[in-house]
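Reader: I'm new to reading protein models. Could you walk me through this one, feature by feature?

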Amino acid sequence: MPEIRVTPLGAGQDVGRSCILVSIAGKNVMLDCGMHMGFNDDRRFPDFSYITRNGRLTDFLDCVIISHFHLDHCGALPYFSEMVGYDGPIYMTHPTQAICPILLEDYRKIAVDKKGEANFFTSQMIKDCMKKVVAVHLHQTVQVDDELEIKAYYAGHVLGAAMFQIKVGSESVVYTGDYNMTPDRHLGAAWIDKCRPNLLITESTYATTIRDSKRCRERDFLKKVHEAVERGGKVLIPVFALGRAQELCILLETFWERMNLKAPIYFSTGLTEKANHYYKLFITWTNQKIRKTFVQRNMFEFKHIKAFDRAFADNPGPMVVFATPGMLHAGQSLQIFRKWAGNEKNMVIMPGYCVQGTVGHKILSGQRKLEMEGRQVLEVKMQVEYMSFSAHADAKGIMQLVGQAEPESVLLVHGEAKKMEFLKQKIEQEFRVNCYMPANGETVTLPTSPSIPVGISLGLLKREMAQGLLPDVKKPRLLHGTLIMKDSNFRLVSSEQALKELGLAEHQLRFTCRVHLHDPRKEQETAVRVYSHLKSVLKDHCVQHLPDGSVTVESILIQAAAHSEDPGTKVLLVSWTYQDEELGSYLTSLLKKGLPQASS
Amino acid sequence: MLDCGLDMTSTLNFLPLPLVQSPRLSNLPGWSLKDGNAFLDKELKECSGHVFVDSVPEFCLPETELIDLSTVDVILISNYHCMMALPYITEHTGFTGTVYATEPTVQIGRLLMEELVNFIERVPKAQSASLWKNKDIQRLLPSPLKDAVEVSTWRRCYTMQEVNSALSKIQLVGYSQKIELFGAVQVTPLSSGYALGSSNWIIQSHYEKVSYVSGSSLLTTHPQPMDQASLKNSDVLILTGLTQIPTANPDGMVGEFCSNLALTVRNGGNVLVPCYPSGVIYDLLECLYQYIDSAGLSNIPFYFISPVANSSLEFSQIFAEWLCHNKQTKVYLPEPPFPHAELIQTNKLKHYPSLHGDFSSDFRQPCVVFTGHPSLRFGDVVHFMELWGKSSLNTVIFTEPDFSYLEALAPYQPLAMKCIYCPIDTRLNFIQVSKLLKEVQPLHVVCPEQYTQPPPAQSHRMDLMIDCQPPAMSYRRAEVLALPFKRRYEKIEIMPELADALVPMEIKPGISLATVSAVLHTKDNKHVLQPPPRPTQPTGGKKRKRASDDIPDCKVLKPLLSGSIPVEQFVQTLEKHGFSDIKVEDTAKGHIVLLQEAETLIQIEEDSTHIICDNDEVLRVRLRDLVLKFLQKF
């Protein structure tokens, strides 16, 4: 029995280090290759030894697909390909291919240069890894090999994020990566056609949340920032360099312009300008409005937002700073946070989800005394705000996507177990499909029953179609043919053609039955009576009286003859071939009952 | 419908549309017949021995009489030059289908249309000549007006509203995207290497494949290289859009372009380059970017004047995914893929929507001006021709191959300006075509008639035609061509439940057969075979049975039989089943088996068996089943 097997190596009932193994029709595909931001030890990368104990990964995996450039989806890639060893193709979209190596390098620098980790991947490894990447266009059907094909769909979320359809023959799996079903200020909404996959693997970060309207959240955000700045406080917004940052920058930029505010807005790290450049060059991946107006006004050229310098953090007076990374787990955002945390006038706004173990997660869950490195305790007096700006689909969005794709079953990843449980029930109830939520290392097996494609001869098909386009529910018509199987070539042809092709002669099997009738009249008259009787009974059939005196019903021949001994009896010879067996048999039994008394 | 191009050479028969009233043009003498009859002198003007129509220029549309365009389901566009007639087709013919094109094709196509509309609409011309189009009058006119085809169908330019409406009917597609059309065929655009987003198309069913190769290039310029591999295994390859100048080498032409440009400017003259706002101009600007410093031209201003100049330059930078590998890598840095960004930044290249406004104050001579339209009949180029035509210091350099430069220049004669013809056409030449065909190996090639013989002007050049085996099938305007393949198979899916129930038997080594009786379901041109329904149990006696319910459906046929019956074994079998008194007689062709007791006779021959018996159904069925044991069913 063919089956699809799915095993999450990461992101199973968890958010972080997304990595999912899929086996479909004998092909093995790895979806994403992320790192976990909550860990600094072995657990930060997926356990690749699960894939194969002794063999080479390249022999086992047909391809690797990266959904987008966030590190929890691609952070382990150089480790996987260069340190564990994988030489097969890695697929991602053009913007992901452009931005991914930059974030990897950033990540490497923090890990090696700042934290002094040894045995981490090197810059050269990132470069070598990226050489194995094959860029894909949206909606392009990429033939990985003769049987395996993949296709990318727009996912919103961040620049270049894609959902992927993996297809072998008539079996398919769709993996959403992270996606967003509502367009935001710079990206469009995810979209997929009704591709009816056997399985939809979807993220479920916001499995239980239904977010209020985007406008309210935006107004809220602006109000909070404005208030803090008005009272002279400093506002820290930890973000990832690409993605939410651009959306919030556009938001603040227009607000500052409208309100004529003077407090400076800074963006940390040199990435900003570069990042905005990527948005400019990949503008076809942004939303409709930005694309339409980019010639007149490029939304990614900001007037009010300037580059941040470390020294600015100690400047007096209000300011707004966007700093990376987004979960306050390392780097500049954490440095600034430590500086500003003690002052209750200041504010930190977390605009996205924070993984367990990060400082961001701790302060969001209400912790106000943080143990920092070196046993220092940091007291958090500043205002802590959370605003869900991360571009994940909420429960409504996830249901919407399931409805769009119409999968046969659904599998949840990239979410918390409790919330998944709730969504799982909801999906099973509403769509009446099975929904799975395996933990890491747990395998889900789905039996599939793919239909078998064969070639049908056009002659046979047309003959069949000519008999009426609409199938009659009461009397389903049967198509007869012969399936010729030669090697892997399967053809369905008419029986006549099959005989001819194989050089075989038809063997005709014919029956002739003698039916005795009591009828003193002449043979010719008997024939006429038989004719009119059959004509009245068999209304749907072609009954003919031929000039030679015989009667035909379709291709069945009936002749009347005198009985050699009894002149009061006539013998009807009913003759048919095996192909007309049922009608022939019916006719003999009908005639045996005799003819109705003729009124002649 | 494959492509939807507009024949703009028709405009060459018209007088140029000047931006400002040109005394020279307005004072041209009217044309009169040989007998002095001057009734056409309002419509036709004479200039240096050529006659031109003094009217709003008109375009020659694709053939629309031959087919009912409302029956066209789909239009496939191969590149932005091949969609210029789209508004005529989609807006006024009853067309209700879908148009497929790539995103750059649509965006740049929109720019080309916008420019065209703008050029024509900004100089409203009161006069619209129609008298000359009368068939009887056209006969009397001098060439080329006399020989112009289908003048009655020539149309004036569309409006922006029509353009927008036409473009809204386009569905965007990406390279290698498989698009299902009505479940019957699949179409796929492939990179053709000629222009941003330019595509060849594959049209295929499960068993047949037609490739449409139009406007392709094997040269490395800015677009993504041509995808040749996917064209393999075509039953038919339709080949069109080859280079218009098969004898000119594009690289050589670019060199000549640069050196002529430098020469003119050094001598204090101006250079005019009539061009489209997108396409080759990107490559020319890139060449100049590398060339100007070494040629000492750094101080010469380059002007690009077009209502869509800015958009074209901006758009070129955002289609990273559609560019050649080198340019893609630049985007990853991230840097703009085309160096004209730098030319603009350093103020070496300036662009303006038109002559009016900023340009007139910035204008410095000597300079180089890129502007349209390459036909020289409308657009800012008309003004520069009038302005610079009188001085031999200046040069006009023709790079676009669509128009004969001599004809383009005709209404400006006599001209003192130097004219250089450097047509740059990167599309396939005949050497490349034969290489391509060898590589791709289509069963049949179909192409326009012109490609199957040397050009009329160079009839000895047997190398300037398509040479392939079997010879290419050619077509001409309004001709119907039957493609040489016969469809024999179609795909059908067998449901797994049905497949499980099939009983294959090996007939010959490696060949197995299974008879199939199944219910055919067809939806959206997709066929599926499902297992036959189980015979329904007779439903109690409540319903009265109608006599007709018993009548078998004659359309349900039994399978065919094959094989032969060995008489001896057959008789043994009969005996085993309790028949006695069996007699066998030999006949000319076989045997007769007599069951005397039952008055039954079985004729057995090589290819047939005939059972003749009394009306005893039980007996007949028994005999039938015994016979069937020896035969194979199909």
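Author: Let's begin where the chains meet: the count between chain A and chain B is five salt bridges. By that I mean a side-chain nitrogen of Lys or Arg within 4 Å of a carboxyl oxygen of Asp or Glu. One of them joins Glu103(B) to Arg291(A), with the closest N and O atoms 3.4 Å apart.

Reader: Before we go on, what kind of model is this, and how is everything labelled?

Author: This is a predicted model, where local features need pLDDT of at least 70 and side-chain atom pairs count only at pLDDT 80 or more, while totals for chains, interfaces and linings use all residues. Residues are numbered from 1 along each chain as its sequence is written, chains are lettered from A and ligands numbered from 1 in the order in which they are written, and side-chain values use heavy atoms, with hydrogens and water left out.

Reader: Got it. Why can such side chains pair up?

Author: Side chains of opposite charge can pair when their charged atoms come close. A search of the whole structure finds 46 salt bridges over all chains. Take Glu301(A) and Lys280(A), whose closest N and O atoms are 3.3 Å apart. This pair links distant parts of the chain, 21 residues apart: Glu301(A) sits in the loop between α9 (288-293) and β14 (305-307) of chain A, and Lys280(A) in helix α8 (residues 271-281). Helices (H or I, at least four residues) and strands (E, at least two) are DSSP runs, numbered from the N terminus.

Reader: Back to the interface, then. How many residues does the contact take from chain A and from chain B?

Author: Contact means heavy atoms within 4.5 Å. Chain A gives 87 residues and chain B gives 90 residues.

Reader: And what area is buried between chain A and chain B?

Author: Buried area is the accessible area (1.4 Å probe) that two parts lose on being put together, summed over both. Here that comes to about 8200 Å², with carbon and sulfur atoms giving 60%.

Reader: Last one: how do I judge the overall shape of a chain?

Author: Chain B has 17 helices and 28 strands. Its radius of gyration is 36 Å, well over the 26 Å that the rule gives for 634 residues, so chain B is more spread out than a compact globule. Along its principal axes, the C-alpha trace of chain B spans about 120 × 65 × 65 Å.

Reader: And chain A?

Author: Chain A has 17 helices and 30 strands. A compact globule of 600 residues would have a radius of gyration near 25 Å, but chain A has 37 Å.

Notes:
Rg over C-alpha atoms; globule rule 2.2 N^0.38 Å.
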